[in-house]
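Hello,

Here is the structure I promised to pass on to you. My notes follow below it, and I hope they are a handy starting point.

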Amino acid sequence: MAKVTIDGISIEVPDGTTILQAARMIGERNTADRHVVPPAMCYYSKLKTSGGYCRTCIVKVTKGSDKDPRPMPKPVASCRTAVMDGMEVANTTDPALIDARNGVVEMLLINHPLDCPICDQAGECHLQDLSYENGKEASRYEFERRTFDPIDIGDTIKLHMTRCILCYRCVKVGEQLTDGRVHGVINRGDVAEISTYISQAIENDFSGNMIDVCPVGALTDKTFRFASRVWFTKPVDAHCNCENPKCSGNAVLWMKGNEVLRVTGRKDMWGEVESFICNTCRFDRKDVNAWTIEGPRKIDHHSVISQGHYQLKREQALLASPAPNVPELAKRKELKDR
Amino acid sequence: MGRKLLFQHIDKPGIRGLEGYRANGGYRSVEKALKTMSPEAVLEEVKKSGLRGRGGAGFPTGMKWSFLAKPEGVPRYLVVNADESEPGTFKDRYLMERIPHILVEGMITSSFALGAKVSYAYIRGEYFYVARIMEQAIAEARAAGWLGKNILGSGFDHEIHVQVGAGAYICGEETALLESLEGKRGNPRIKPPFPAVKGLYDCPTVVNNVETIAAVVPIVNDGGEEYAKIGIGKSTGTKLISAGGNIKRPGVYEIDLGITCDEFINSDEYCGGVDGRAFKAVVPGGSSVPIVPYEMFLKTPTGENRLMTYESLSEGGFAQGTMMGSGGFYAYNDAQCIVRSTWNHTRFYHHESCGQCSPCREGTGWMEKVLERLEHGEGRTEDIDLLWDIQRKIEGNTICPLGDAAAWPVASAIRHFRDEFEYHVTHREKVKDPKHFAREPFRKSAKFATA
Amino acid sequence: MSARTRPITTTEGTKPFSFSEAGLAECKALMARYPEGRSKSALIPILHVAQAENDGWLSVNAMDAVAHVMGLRHIEVYEVASFYSMFNLHPVGTYVLDVCRTTPCMLRGSDDLIHHLEKKLGVHAGETTKDGMFTLKAVECLGSCGSGPMLQCGAGYHEDLTIEKVDSLIEQLRARNSRTNYTDR
């Protein structure tokens, strides 16, 4: 076991745990301590060898360990750095680190289209959250942005490369979940792109999970595109007895009335799906009778989706108060600022 | 006249072939090591020599070797980094082209010390003809029994393979090189684990520069202590410097570490001074190291003569010093425009960024665009501060050192030549002329300015 | 999109490709150099062989043949081929002139050399002459910094170039009219 302290909060974790995992353990122990958790755009605990690329999870190691207390000279990627006993880490408490992370966010955004109003991912986009928390109100980038034409990779998935931040998660899905990867990263540097090279469909029972792991709107579900804003839908937990032995059958149905608009995996508090589902469940099982409904999906109150119309209590509370509810809004803003 | 350890016989007839090389004392280190020494003893000599990695980082070679993990039943590899791509650097090409057997010999002796049965020389793709020369040398060595099974009856087996790249500066980064050698994209790996533990094919691996491995030959022949007698402090032995730019005598020189910078740049034995005008600036170690004004290259901040050593070149830190780097030396005369050169540097890094991590992928292109604008008379004063801020956001925040390498030339150019950047904003029309050169309005002598 | 043009990602309009007997033998020999199960290491050397046998560029057909010979997934080959700048993903001329333009060469006049070649050949850097003879490329550092300006054509380095030298080189190449490759011996 190793004791690690992040922003002054300590936890004992098994050897080999990364700083990011340790931070998440702190956040899971007490949600009030969630601020110690660095943002992660490319790391995905369910995908091997993920992480290290986006650099948003960088932290400052102010003390290496009890044995060797020297601080680390540069910020390190918390998702790929293992804790040492006695390590001390700054995530939100070091101004230089915050400046560096803001720099990373700015870099991620300079070529991102900022087309959130027409992007299907809006409302559940990790880059949106990240830029809200760590970004600036205006970009200093004045040059033409990199663009690509959106393409269909199969009947069910749309690839909008312009929005991609090259997190490599979908490539890892192809490698680790499907029976053979047909897409990858081609070219190099800032013209690198996710591609199948020759236009071809990605046909595999588990390819749809690429959509769930995509942190931005680069990979979207064609069966749901433009059907509804996600915050106007009602997410419910449901399961089915899927015949595919690799499919967990545990899903979220995103509903409007009795209509199932979209099916996704269930995401945990860090935005990662808990278990992967097959394409049949995701794209074809759109009849509510094909599912056993478990109840409303608990959505984090930070999320815009939680403002939907299914959590009666909250809705009534808002309706009952004289509009606009300034203290309520201010409180939420304050929470967001943390 | 300095001692020559690597280049001693370079002009001898037939030195490129095995016969000529052998006639001049070649392969003695293999005989000595395999017949009379243990692997540990070879390592000990390398440690004693104080040899530091000649590829750019200057990490002590003996220490690097001693980190090599040695789990039972797992092969170990030596990989020679001949992906020489750092602008300004062409020493390894010269060495391999002229005297290929010294690298073969060094690889055998070093592999014996490391316990590697197979070693690879990864040569950049553009040097295809050099790879042919190396292959030829390896074939000769194999035919003569210097490679293969049970070399010299010692029980040590060794094979060397030459691998060619295909055009990617990033493959000079050791983990990107290993990826490329495994037949993948040259994306640097995230460390740890380091190659000494998990390198080529997940096996313990040492990656060394061509010159480093060649230097093992004289170290084993004459002893580490003898080698360490050359040089000053922690800069021991000789170093190959490839010199270019606006000097009279471009070429590759083997210098004793510790000669003065003035001697190197101005004496007729080496660079021979400026090519007709006056020196303005120097990049002593390849494009990644900070550019410094000529006067600052000659003198340390305390006014002493600066020496060609790792320590002396970096004296004064980034504010007033630079680095030895890989020994890719080039000098600028006063007809050269620093903004244009910085734009050129940045375009290079933009082109060579692998694209894995965000600050380098996006930041290098951004810097290039801002610099292009400045160079073409379309910039604004704020652009200079913007550039400073972008490079600051890249440095230290990337997976591999390419980010730093892209940031330092920009930072140092602004630090020392800010007036030229400002001139590009205030004299937009003048700099639009492609033949403009930024001389008259600027310094006559170096300012030891910090930014 | 940057100046780097997108690769040709279709087989349409390109000719079929199969390795020559000698080429195939070389592929097998290259793959045998690595430890068991590690023959993917031969991918870059084999792509060089394929490029040389496919008029100097890597078409989808050529890369698919490489994937077939090596037992790799096609995307693994595309990913690698598109990473490295020596692999041409468009048809090229009989001669590819790689002119170095990085700083040390720039200090010695590479900008002028490139402009001269652009004017002389009537193309911009990155383009091929109408007669299909020359592809002019402005490339990054070729490790010939003390002997710039310089260019690479096939395996050969042409160094310490002047306008006169490069003019006569062009004439020689034009007269010879036979393809050069990086792999030439």
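B:Val80 sits opposite B:Asn208, a residue of strand 4 of chain B. Before going further, a word on conventions: residues are numbered from 1 along each chain as its sequence is written, and chains are lettered from A and ligands numbered from 1 in the order in which they are written. Please keep in mind that this is a predicted model, in which local features need pLDDT of at least 70, side-chain atom pairs count only at pLDDT 80 or more, and totals for chains, interfaces and linings use all residues.

Strand 1 and strand 4 of chain B run parallel and are joined by 5 bridges; pairing requires that DSSP finds at least two bridges between two strands. Helices (H or I, at least four residues) and strands (E, at least two) are DSSP runs, numbered from the N terminus. In a regular strand the side chains alternate between the two faces of the sheet. Strand 4 of chain B is covered on both faces, with B:Thr205, B:Val207 and B:Asn209 buried on one side and B:Val206 and B:Asn208 buried on the other. Buried here means that 20 or more other C-beta atoms lie within 10 Å of the residue's own (12 or fewer is exposed, in between is partly exposed), with C-beta atoms placed from the backbone.

Helix 8 of chain B is mostly covered too, with 8 of its 8 residues buried. Among them are B:Glu174 and B:Glu179, along with B:Leu177 and B:Leu178. The cover includes strands 1, 2, 3 and 4 of chain B, together with helix 2 (43-53) of chain C. After helix 8 of chain B comes B:Gly183, which has a positive phi, near 85 degrees.

**Chain B as a whole**

Chain B has 19 helices and 11 strands. Its radius of gyration is 22 Å, close to the 22 Å that the globule rule gives for 451 residues, so chain B is as compact as a globular protein of that length. (The radius is taken over C-alpha atoms, and the rule is 2.2 Å times the number of residues to the power 0.38.) Of the 451 residues of chain B, 61% count as buried.

The domain assignment, automatic or from a database, gives chain B domain 1 (18-229), domain 2 (232-333) and domain 3 (338-432).

**Between the chains**

Chain B gives 48 residues and chain C 37 residues to their contact. Helix 15 of chain B gives the most to the chain B side, with 6 residues. That side has 16 nonpolar, 23 polar and 9 charged residues; Ala, Val, Leu, Ile, Met, Phe, Trp, Tyr, Cys and Pro count as nonpolar, Asp, Glu, Lys and Arg as charged, and the others, Gly among them, as polar. Chain A touches chain C as well, with 16 residues of chain A in contact with 12 of chain C.

**Where to be careful**

Chain A averages a pLDDT (the predictor's confidence in each residue, from 0 to 100) of 89, and 91% of its residues score at least 70. Confidence in chain A is lowest in helix 7 (residues 312-320), at a mean of 48, and highest in strand 5 (residues 87-90), at 98.

Best wishes

Technical notes: Two residues are in contact if their C-beta atoms, placed from the backbone, lie within 7 Å.
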